[in-house]
Amino acid sequence: MALLLGVDTGGTYTDAVLIDGDVVIASAKSLTTRADLAIGVGGAVRAVMAQAGRAASDVRMASLSTTLATNALVEGQGGRIGLVLIGFGAADMERHGLTDALRGDPFCTLTGGHQHSGAEAAPLDEGALRVFLAEAQVGAFAVAAQFATRNPAHELRVAQIITEVTGKPVSASHQLSAKLGGPKRALTALLNARLVGMIARLIGRAEDVLREIGVTAPMMVVRGDGALMSAEQARARPIETILSGPAASLVGARWLTGAENALVSDIGGTTTDVAMLRAGRPAIDPDGARVGPFRTMVEAVAMRTTGLGGDSEVHRADGLAGGVTLGPRRTLPVSLIAAEAPDVVLQTLDRHTRSTVPSDHDARFVRAVPGQNTDGLADRDAALLERIGSAVHPLGDVLRSRMDHAALRRLVERGLVQVAAVTPSDAAHVLGWLDVWDAQAASMALTLMARRRTGAGVPLAEGPEALARMIVDQLTQQTGLALLEAAFAEDGGIAGDPAELARHALMQAGLRGHRGLVRLDTGLAVPVVGLGASAPTYYPAVGDLMGSEMILPEHAGVANAVGAVVGQVTVRRAGTVTGQGEGKVRAHLAAGPDDYPDADAAMAALEAELSAEARAAALAAGAEDVTVHAQRDVREAQVEARAVFIEASITVEATGRPRIAS
């Protein structure tokens, strides 16, 4: 059987597995290295090859899944981009979160665009575009035109000009989705452009290190729906890798457990991802992938992503009662940064421990991420980044004013700086559940946090162990809420907002098995497959809370890497045919609209084009034995007892096995 290599680059760890036939013969982990992702990839791959005792040249296929794009959008990171809107007004910027997603990056609105029929609404203002390009200092561009899925001519022309003038990557909205809804398509293109540089660096460096190790097989990348695509396609359409890691975990969960109907919960360093397996297949989100606050047009698994993981920042809860909350932002565990810079971290923690005045900056550190693009930084942000330099610092030593706090937040959002603070991983070190980094630093950090005061003026906890248990209990509660929200979202039998239903007083009382005049019992009616390196540590308590069977497969910690290499190549293409009046039906083709005398001819032409595109894309993605299936959704109206064609949507799917190198 062919030897398959799966790699998953997560926020904290990079995992690698080797599969021979239907058996995982080796697995390994290495810390993800943000400054140079190849270091983490290389560490994991070298370890797994050594463990298996096999030659790198034996690998016949390599595949990569990644949470990098998902984490970047959840944390508000990514490159600086320029947005070009064609035929839209200023009011459209507020729709679907465009203004929030831009985060102050430059944009321009041009006259132009098309009508619903595909006819030009107004000439394209190329002069205004060239003025914008001369001033925009960005790493990539996104382009969205009104009704571009009916006629992409203006998007294609703008993309051509941007390439000629700047040479920067361009994301055109019609190439990412065939659906109507211009502002939502614009958001998808914007996020794609923001991810281009990040994903290109990951793929490029991963390919480099695989060649160095001796793996010559072509590399595949997992899409957000669990299917595979070529590395080249992932470079051009990085938005399709959002939820790549979670989708791979679903495929891996099915392969590892054989589960047919179950919730799959994957806890990583940054996020907890919950999705549903139905009849052994990942449920697909019909409205497009949602990550953090953004709803995109990317076809992906119906995944609910919560900013909750082993490296989520621990916050003191507001109010008199005290307690803690977790996330949504990821920070470096204090135990980890202490292992990397012990002198600075341990000396600082010792000094803070001897101080009699607790501070919000206690047990918090900061460092820069080297090798990142710093184009477009404001002067204050650049000054703070220079002050941080290449060393690890106590956070209080580099923040000199309130404005520095805002600058730090912007640097973190750009992925230029990392903050270290107390996390559940530190709590696990204090409780003796983990021993991979510096447990002494974790204990000192939790000691400092425990003495902070609640709203009632009493210490947050009696000591580091008490605080550690409080943190783990909170992680159990928040994980339970994430599972309930996902279950309510998938359960069509109960109306209401899933988040409100999960938090309802009756639901929570039922979880506690309330017994009074009323007996309440609530919980999950399906098993939960727990994945992630820390799942065996945290999830047994979650299963008890939910009253559900908790399945923890043997290779739960590397399920993403397993799923990365056992999936199939699937490519979908979609388009529309619209009626234009008596005797004229329009097929909206890639080169522009084309008219036909009847609906059957127009649909046949569009289906043939989509089938050819899908087959070619599947072959380019590394598939073999490709099969193509088409589906038509035709809308007609009855007029004087006669069926009149209105519109048809055609979706074509090409599927094949990944090609194995000989």
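**Entry 1: a helix across the sheet**

I began with helix α11 (residues 379-388), which lies across β20, β21 and β22 (417-421). I read its direction as about 100 degrees to β20. The model is a predicted one, and I kept that in mind for every value below.

**Entry 2: the sheet**

I then looked up the strands themselves. Four of them form an open sheet, ordered β19-β22-β20-β21, with mixed pairing. The edges are β19 (332-333) and β21 (393-394), each of which pairs on one side only. I noted that strands in a sheet pair through backbone hydrogen bonds, in a parallel or antiparallel sense. For β20 (residues 365-368) and β21 the sense is antiparallel, over two bridges. I looked for the partner of Val366 and found His393 in β21.

Helix α10 (residues 342-354) also packs on this sheet, where it touches β20 and β21. Its direction makes about 155 degrees with that of β20.

I checked the length of α10 next. Its 13 residues reach 18 Å from the first C-alpha to the last, close to the 18 Å expected at 1.5 Å a residue.

Which residues of α10 are buried? I found Val345, Thr348, Leu349 and His352. They sit on the same side of α10, because they cover an arc of only 100 degrees around the axis. The spacing rule I had in mind is that an α-helix has 3.6 residues a turn, so residues three or four places apart point the same way. On the other side of α10 I found Asp343, Gln347 and Arg354 exposed.

I also asked what the buried residues of α10 pack against. The list I got is α9 (334-340), β20, β21 and α15 (439-450).

**Entry 3: aromatic pairs**

I searched the whole structure for aromatic pairs and got two. Tyr13 and Trp437 are stacked, at 6.3 Å centre to centre and 15 degrees between the planes. This pair links distant parts of the chain, 424 residues apart. Tyr13 belongs to strand β2 (residues 13-20), while Trp437 is in the loop between α14 (424-430) and α15.

I compared both with the burial cut-offs. Tyr13 has 25% relative accessibility and therefore counts as partly exposed, since buried means under 20% and exposed over 50%. Trp437, at 14% relative accessibility, counts as buried.

The other pair is Phe132 and Phe141, which I logged as edge-to-face: 6.4 Å centre to centre, 75 degrees between the planes. Both Phe132 and Phe141 are buried.

Conventions: Residues numbered from 1 in each chain as written. Predicted model: local features only at pLDDT ≥ 70, side-chain atom pairs only at ≥ 80, totals over all residues. Heavy atoms only, no water. Pairing = 2+ DSSP bridges. Helix = DSSP H or I, 4+ residues; strand = E, 2+ residues; numbered from the N terminus. Contact = heavy atoms within 4.5 Å. Axes fitted to C-alpha atoms, helices over the stretch in contact; angles between N-to-C directions. Expected span 1.5 Å × (residues − 1). Buried < 20%, exposed > 50% of the residue type's maximum accessible area, 1.4 Å probe, protein only. Arc of directions from axis to C-beta. Phe/Tyr/Trp six-rings, centres within 6.5 Å; stacked < 30°, edge-to-face > 60°.
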